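Please open the structure in the viewer and keep the selection tool at hand. The stops below are to be visited in order.

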Amino acid sequence: MNSHPHESDPHPTHETTHEIDVRGLPPPEPLMRVLEAVATLVAGARLVAVTERRPLHLLAELDARGLSHRCEETADGSWRTTIARSA
Amino acid sequence: VADHDRTVGVVETHVPSSAPKPPSPTPSTGVALVGGGLLPLAFVVAALVSLVASVGWAAVAPDVLAYHHLHPHVAAHVHLWLPGCLLAVCIGVIYQMMPVVLGVALRAPVSVPWIHLALHFSGTGAMVLGFVGARFEHVALGGAAIAVGALLLAITAWRTFLHSGRRDTIAWSFPVSATWLFATAAVGVFAAVNRRWPILPVSPVALLQAHAHLGLAGFFLSLLQGATFQLVPMFTMGTLRRPRCVAAGFACAQAGLVLLAVGLVAAPSWFAWFGITTIVAGVVFSAIAFFATLAGRRRRMLDPGVRAFVVGVALLGLAAVAGSIAYAAPNPVPAVTSIYGLLVVAGLSASVLGMLSKIVPFLVWMRAYGPRVGRMPVPAATSLGEPRLQSLWLAAHLAAFALLAAARAVDTTPQLAVSGTWVLLVAVAIFVADTVRTLDHLRRPRTPQPAARPAVPSPTATHAHLHPKSSR
């Protein structure tokens with residue numbers, strides 16, 4: 001079933017983790033898509049963003065929005081950023 | 001899964017009740033937008049002012065580009081284009097790009113890049129006015145201001161580089177090119193001082209050649225041999241290919257530069273020849289990696305900016321050939337040397353301004369719209385620039401330099417050079433119009449209508465369809 005970030009989980013709960021893979025998109029679309037997905041994130045839920053590079057611009061924007069995040073490089077060279085909105 | 005089969009997806013999973021708590025905040029390294037994005041844009045705006053000053057002056061005195069390449073007015077034009085415009089753009093890009101590439105914040109107080117900006121443009125102004133009035137003490141003074149700015153950049157680049165853990169060619173290219181820039185400015189200052197108050201019995205032409213080649217090959221080539229392999233994959237959706245060729249190209253160019261600089265000033269000519277050959281070998285290695293990287297891109301259609309960059313790189317290859325011919329000729333042929341110079345300026349302009357037409361929309365978008373994403377509709381970054389204007393600029397730019405080169409080759413009347421100058425004026429006007437149009441988003445951010453908003457590709461578009469990977 002195809003879905004959009006805004007439509008994937010109309011009633012997200014604190015037990016939900018979303019994953020968004022934005023590899024293969026030109027800058028700044030990865031940032032745009034992740035922030036749009038973050039906008040739908042409810043308190044306690046988490047979003048994992050998979051990017052080709054360390055998303056430095058995204059991290060700065062997450063800081064500005066008061067969202068906690070953890071960024072890790074994976075074995076294939078991509079980066080996984082776990083974002084959470086505090087309860 | 002092959003790269004081109006990757007999808008953008010939202011995968012919904014459910015975390016067991018024993019799942020770890022949300023991640024603890026990890027602050028970003030504060031490197032995203034240097035000076036809030038305004039610093040590199042300030043360099044860009046000042047660079048465009050310099051470019052407009054050059055073509056505006058050429059419009060008033062259009063036959064100046066038909067003069068001998070050592071004429072002080074030609075030197076003034078060259079310095080408006082190279083340090084005034086192209087170098088300024090590169091400096092702004094280095095300050096912005098280096099911390100992002102290296103993953104650490106600039107190791108310098110916030111004021112340092114702004115001081116550099118002031119030094120660079122006051123120095124360029126003094127230098128150009130010095131050339132116009134043949135006052136070489138003013139040239140030396142302006143050059144000294146540029147040299148101090150270059151020293152600040154070199155120190156910042158080395159400190160930032162040493163603080164980071166990245167040690168590939170892309171990372172090395174920042175401090176190395178900044179060091180060559182300082183050397184270029186220092187040699188230029190010495191050439192001007194030595195001309196006004198002779199200190200050492202060194203040929204002024206040899207000093208100018210060393211100054212020019214340290215700047216062109218030392219700074220611009222070193223930077224291109226590194227930054228290209230960060231920017232081109234990013235803007236063409238590709239990956240770096242042949243990294244060993246990238247490293248070999250950079251190493252050869254560095255070795256060749258040292259040999260060439262020494263050979264031009266002091267050593268026998270075979271020393272310089274050996275340097276030129278080694279630099280050309282380095283360029284060939286880099287070209288192999290560049291075209292391999294380009295061939296592996298996922299975005300088949302090149303944007304006008306990237307196309308201009310590729311054309312510029314090809315022109316620089318032709319310039320290397322023309323430069324070798326000019327150096328090999330037993331008696332200097334001014335027309336060949338002028339055409340070599342024109343090819344260098346045309347190629348560098350096309351590549352630097354082409355990449356600029358990709359970078360400026362990105363920086364403007366990040367500053368004007370980044371904080372709004374997810375909160376309100378925002379336009380796509382690609383909609384900030386106008387591709388048709390960019391294509392038109394490239395065509396006019398190439399036509400202008402073709403006319404100027406033809407004028408130098410046939411050299412019968414100044415009319416051809418005057419025509420080239422006017423076409424160049426049109427090209428610059430188009431480029432500036434497109435850039436100003438983009439920059440205007442900083443002053444008046446737009447809010448697109450949702451229906452007309454192409455910001456996020458349709459979920460059904462290639463690479464962009466969304467699908468759940470797993471469920472409860």
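Is A134(B) buried, partly exposed or exposed? At 43% relative accessibility, A134(B) is partly exposed; buried means under 20% relative accessible area, exposed over 50%, and partly exposed in between, with a 1.4 Å probe and protein chains only.

Before going on, note that this is a predicted model, in which local features need pLDDT of at least 70 and side-chain atom pairs count only at pLDDT 80 or more, while totals for chains, interfaces and linings use all residues. Residues are numbered from 1 along each chain as its sequence is written, chains are lettered from A and ligands numbered from 1 in the order in which they are written, and side-chain values use heavy atoms, with hydrogens and water left out.

**Stop 1: two loops of chain B**

Stay with A134(B), which lies in the loop between α3 (111–132) and α4 (136–163) of chain B. Helices here are DSSP runs of H or I with at least four residues, strands are runs of E with at least two, and both are numbered from the N terminus. The phi angle of A134(B) is near 55°, a positive value in a residue other than glycine.

Next, select R242(B), in the loop between α6 and α7 of chain B. Phi of R242(B) is near 55°, and its relative accessibility of 49% makes it partly exposed.

**Stop 2: a glycine in helix α6**

Select G218(B), in helix α6 of chain B. G218(B) is buried, at 0% relative accessibility. Contact means heavy atoms within 4.5 Å. Leaving aside neighbours within four places in sequence, G218(B) is in contact with S177(B), W180(B), H213(B) and L257(B). Then select T184(B): its C-alpha atom is separated by 8.0 Å from that of G218(B), although the two are 34 residues apart along the chain.

**Stop 3: the nonpolar cores**

A nonpolar core is a set of buried Ala, Val, Leu, Ile, Met, Phe, Trp, Tyr and Cys residues joined through side-chain atoms within 4.5 Å. Select V34(A), F220(B) and W365(B), which touch the most other members of the largest core, a set of 123 residues. Helix α10 (residues 334–368) of chain B supplies the largest share of this core, 19 residues. Apart from it lies another core of 14 residues, including W180(B), L264(B), A272(B) and I276(B).

**Stop 4: helix α8 of chain B**

Select residues 269–295 of chain B, helix α8, where I288(B) is found. How many residues does α8(B) have, and how far does it reach? It has 27 residues and reaches 39 Å from its first C-alpha to its last, close to the 39 Å expected at 1.5 Å a residue; the expected span is 1.5 Å times one less than the number of residues. Its buried residues include A272(B), G275(B), I276(B) and F290(B). Among the elements that cover the buried residues of α8(B) are α6 (204–236), α7 (243–265) and α9 (304–328) of chain B. I288(B), by contrast, is partly exposed, with a relative accessible area of 37%.

**Stop 5: chain A**

Finally, select chain A, which has two helices and four strands. From the N terminus on, its elements run β-α-β-α-β-β. Buried residues make up 61% of its 87 residues. Select P27(A) and P28(A), which are joined by a cis peptide bond with omega of about 5°. P28(A) lies in the loop between β1 (16–21) and α1 (29–39) of chain A.
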